[in-house]
Amino acid sequence: MDYRHALGQTDDTIVAVATAVGQGALAVLRVSGPRSWEIVNACFCAAGSTPWLQRSPRTAVFGTFAAPDGSLLDEVLALGFLAPASFTGEDSAELSFHGSPYIARTALSSLIAAGARLAEPGEFTRRAFLNGKMDLSQAEAVADLIASESAAGHAVAFRQLKGSVSRRMDELRTELIDTTALLELELDFSEEDVEFASRDRLMALLTDLQTEVAQLLETFVLGQALKEGVPTALLGAPNAGKSTLLNALLREERALVSAVPGTTRDTVEERFTAGGILFRLVDTAGIRETDETVERLGIERSQEAARRAAVQVLVVDAVVWNADPLPTQNLWAQLEAWNPQGHRVLVFNKADQEQPVSPPEGALVLSAATGAGVSELEAALAQWVTQNPAYGADTVVSHARHAAALRAAADSLSQAENALRTGLSGELVAIDLRDALRHIGSITGQVVADDLLSSIFSRFCIGK
Amino acid sequence: MLDSRPYDVIVVGAGHAGSEAAAAAARLGSRTLLVTMNLQTIGQMSCNPAMGGVAKGQIVREIDALGGLSGIVTDKTAVQFRMLNRSKGPAMWSPRAQSDRWRFAEEWRLQLEAMTNLDFLQDMAVDLLVVQDRIVGITTSMGQTVYGSAVVLTNGTFLNGVLHIGERQMGGGRAGEKAATGITERLVELGFASGRMKTGTPPRIDGRSLDYSKFEVQHGDENPSKFSYSETTQPLTKQRPCHIAYTSDYVHDLLREGFDRSPMFNGSIQGTGPRYCPSIEDKINRFADKDRHQLFVEPEGWNTVEVYVNGFSTSLPEDVQVKALRAIPGFEQAKFFRPGYAIEYDYFPPTQLGLTLETKLVENLFFAGQINGTTGYEEAAAQGLMAGINAHRKVHGAKPVVLDRSDAYIGVLIDDLVTKGTEEPYRMFTSRAEYRLLLRQDNADLRLTPKGRDWGMVDDVRWARMQEKVVRAASIRSVLDAAPALPAEVNALLESKGTSTIATKGRMAQLLTRPQLELADLLPFLELSDEDLADHEALLDAEIEIKYAGYIAKEMEHVGKLSRLEETPLPANLDYASFKALSMEARQKLAAVRPSTIGQASRVSGVSPADVSVLLVHLGR
C-alpha cells in the first residue's frame, strides 16, 4: 500500500509568494523541497566570484534574478537553507524581491519554469509538521501568526508558537493527574495503610481545577478578540454622529454621512487599530422608536450588534443631552439590559458646537467632525483591553480546537464535582475525571494509566 | 515413557501460567506435554498464599468464566475469603482468598492429572529446536529431544535465577530449587532481547512462636462468596483469620543497621523491582517520614503452623531480619522457618510478542507469565490460559483469538504488555483499565463465557447456567421497570434511608438509581418468584444495570468511539523510520511494536496524538 500517495507528494519542490499580495516594500518568495537550490540556481546569479551553489546556507547572497525569457527581472537577496535546519525541515530558499505584484508574479513563473510546483495553501506548514518541526498546536499557531493583523494578535500567536500553550496545558494535565491519582489511590489500594484524601480535599482540588480551566477559557475569548478584532459597536440616537465618528476612527470616508437622521440603515463593519490592538467596529442605525419598516429592521440589527459587542460606545449629541438627559439615560440602561457583560463607553460628540453640561463621570467629550478628542477615545479603548487580566497572561488560548477541548474538560469537571457532592462512589467520580484528562490530553498528548500510577507511587508508600 | 509421536503443544514450566496453558490446550484436544523441573511443585505459590485482590480477583473470575481452572482450584483450597472494596461501587468489588499453599498445589496436580490429553515429564528444558524461524521442539537436560508443533514457555523466575540474602548469593529459581539455564542464551542467539527483573519475598515464621494477642485480627467475610461461576465449588463454611501487626521506628533503625550489607543498596542487585511491592528496606528508605508499616500475618494453610509475614519482603542479611522482626510486638520469640530473600531472573520484553502471545521472531513459540515481565499468580495464569488456547488454535489452523481492552482485564493485561512493554514487574490495577465499570467481577461470565463457549472451553453445564442468569436478570429488570412506586408504600422507607420522599407515583427502577437505596431495600415491594429471589447473581446484575445505567452508557459510548480506531488496520510492513513527521521516539517504538491497528498504535508509550494524526494522514483518513 502506498500510504505516501494519500498525502500528495512530498518529494517535489514547491514555491509560493510568502508575503501578502499587493504593494509592499518587499516581496518574498519561498522555495522548499529537495531541488530548491538547483531551481534557484537556474534563475539567480550571485554577485561576486562564488556561484550560488557553493555559498554557505543561512547566509544572505546578493545577486540578479532572471525572468523566464532570460531578461533581468530584479536585484534580489537570496537565503538558502539545508535540511533539516529550515522552517519546513527540507532544503529551501527565500528570495527577497522589490515589492511589486508584477515582479512577484514573474519571478514565480521563472521558478515554476525551472521545475518548482506552485504550493497548495498551507503546504509549507504541513511539510514542517510532517517533518517533525512543530507539534499540532504550533502548526495551528503558525496559521494564526500568518493571519494575525495586529501587534497584539501577533504576540498571542508568537507566544503560542514558542510552546506556551503546550506548557500551560502540561501543567494543567499534571494537576489533573495528581488529583485523579488521589481518587485512584483509594480504589486500587484500599487495603494499604495510607491516608486517603477526604471528600473535602478532593472537592477543593476540583474547584481549583475548574477555576484554572475557566481562566484559560477566558483568555480564549480575549485571544479570539485580539486575533479577529475586539467587537465594538457604535450606538446612539439617530444623528448623534456615529458614522462621522466611525470615519474619524478609520481616518477615511467610509460610511455614508448625512445630516438626515437615520441615514445609516444597515450595520457597517470596519477594522481599525488603536494602541496596537485590532478593533472590529460596527456602525449601527440610530436607536429610536419608528414605524418605518426598513429602519426598524436596522434597529433590530443594532440591538443584535450591541448584544454581540465586547465594547459598546454610546454616542450622544451634547445638544440633545443638554436639552434633556433622560432619553440618554434610558438608552444607557437599555444597553446594559441588552448586554450586561459588555463594557460601555459614553461619548459626547459635537464638542465643537456645544459642551455637555455636567456629563457623567468617565464620559469622553470629542468632536468627530474636527477630530478633537478622538485619540483619547482610541486610548481609552486600547486601555480597556490591556487592563483585562487575561491580556498579560503568558498563555492565551487562541485556537478553537483548544477552547473546545477546554470546554469539554470543564463540563467533565463539573460532572465530577456533582458526583462527588452526591456522595457517589470514587470509581464513578473517576470516570468524569478521566474524561477531563482525555480532553486535556487531546491538546497535550495522551494520559495513560502509567501516569496515574507513577503519581501514586511517587507520593504514597504502597506495598504490603 | 513419552509418546513417540510429536506433541501438538509442549508447555515448559508448571506454575500458574504453565498449568493453565497445559490445561487449556489439552482440554481443547491438543496432545499436550507439560515439562517441569520438579513434578512435586506443580502450581506452587512461590510468594504469598493468596489469590485475587483488587483487579487480580477480577482476573481470576475472568479465567473461570473462560473455562480456566484457577478459580476452581482456589475455591477448593481457600482458608479465608473476603470481598475487598465492599464499601465502594460494584466495579470495585474484588474477591480475595487466603489459600492453603499445599492443598492448592495438590489440587492443581489432580486437576491436570484428570486431563486425558496431557502427558507429564520431569526434566529441564535446556534448548529450543528451531527450523526456519519456526519452533519444532525442545531438548532437555537429560539429552532427550521432544518434538512439538507449538511450545509455550512459562519459565517464571527460573531463567538464570539468582537468590540474594544479604551478601550471600546463590543460583536458584525459588528457595531450595535450582535455576534453569540454556533457554535465555538460546533465545538471545535467536535474536530476542532479554532483561533482568527482581522481586522479593518475606520470611516464613513458626506460628507457634508468635504472641497473637498483640495483633489485630482480620476475619474473612461473614457470608463468603467464591471465585468460580460453576457449581462444582461451594463457599467456605469455616475460615481461618489473618492478623495485622505494625513495625516501629525502632524496627526501622534496626533494619537500617543492615543497609550496608543489603544487596538492594550495595549494587549487587541490578534488576528492576516493582514499585508497588517494595521490600521493607525500600519502604523505610523511600518513605523515611512514615513511622510504621502495616504487616499481615497470614496462615499458610488449614493445619500448618507456618505463617507468611506479608509486607516484610526483604533481602537483608538473615541476622538483621531476625533482630528487626523480633522487635515487632508479638514477634519477640519468633522462630524463622526460612528468611526472606530477593530473586533476580531473566525476562523478555513482551513487545516482542503479538497479541496472541506468540513471539514475532519464532513462529509457534509462545511466552506466558513472569518470562514476560509480569508478577502475580493471576496475571501469569491469565496469560497461560490465552497462550494455551492460541497455541492449540495455531496448531489446528483456527484463527487467533484476542480479548479487547473492553472485554476483560485479561485484554488490558496482554495489550499493555505487547504494546507498551514494561519497565518493572507488571501487576494489574483497576486504574489500568479504561472501562472499569464494564469489567466487573460479577459480570465476567456475561462478558466472557460466550467467547469461551465459541472457543470450546466451556462445558454445557456452565453454558446453561450463564444463559439462565441472563434470562433471569432480564426478567428481574423488567419487574423493576414496571413496578409502581406509590408514595404511601415507599415513603417510610425513603425517609428512613435519608432520601427525599416522593409526592406522586413513580417506578421502582427510578428509586433504585438513588445512591441511598439498594435492591434489597425494595425487594418487599416487588413481585419476584422464589427462583428470582434465590439467584443472587441475577439480582445483582439487574441492580447494577439499572443503578449505574448512566455511567455504563458513558463507557459504552467510549468503547464505540474507539472501536473505529481499533478497527483501522496498520500495514504490517510500514516503514516507520521514514516518517519524519513522527517523533524519533514514536518512530523507534512503533517499529519495535509493529501495532496491528491505529488504536494499538495510540497506546504505544511515546506515541502522541500528533503522531497518531500523522499515521491517519498517511493512511489517507
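Residues are numbered from 1 along each chain as its sequence is written, while chains are lettered from A and ligands numbered from 1 in the order in which they are written. Since the model is predicted, local features need pLDDT of at least 70 and side-chain atom pairs count only at pLDDT 80 or more, whereas totals for chains, interfaces and linings use all residues.

Chain B is divided into domain 1 (204–339), domain 2 (460–555) and domain 3 (568–618), with bounds that come from an automatic or database domain assignment. The centres of domain 2 of chain B and domain 3 of chain B, taken over C-alpha atoms, are separated by 46 Å.

Strand E4 of chain B is joined to E5 (residues 94–99) of chain B by 6 bridges, and B:Ala78 stands opposite B:Ser99 in E5 of chain B.

The largest nonpolar core has 152 residues, among which B:Ile10, B:Ala21, B:Val151, B:Val152 and B:Tyr409 touch the most other members. Such a core is a set of buried Ala, Val, Leu, Ile, Met, Phe, Trp, Tyr and Cys residues joined through C-beta atoms within 7 Å, and buried means that 20 or more other C-beta atoms, placed from the backbone, lie within 10 Å of a residue's own. A second, separate core of 42 residues includes A:Leu222, A:Leu245, A:Leu246 and A:Trp321.

Note on methods. A residue is buried if 20 or more other C-beta atoms lie within 10 Å of its own, exposed if 12 or fewer, and partly exposed in between; C-beta atoms are placed from the backbone. Two strands pair if DSSP finds at least two bridges between them. Helices (H or I, at least four residues) and strands (E, at least two) are DSSP runs, numbered from the N terminus.
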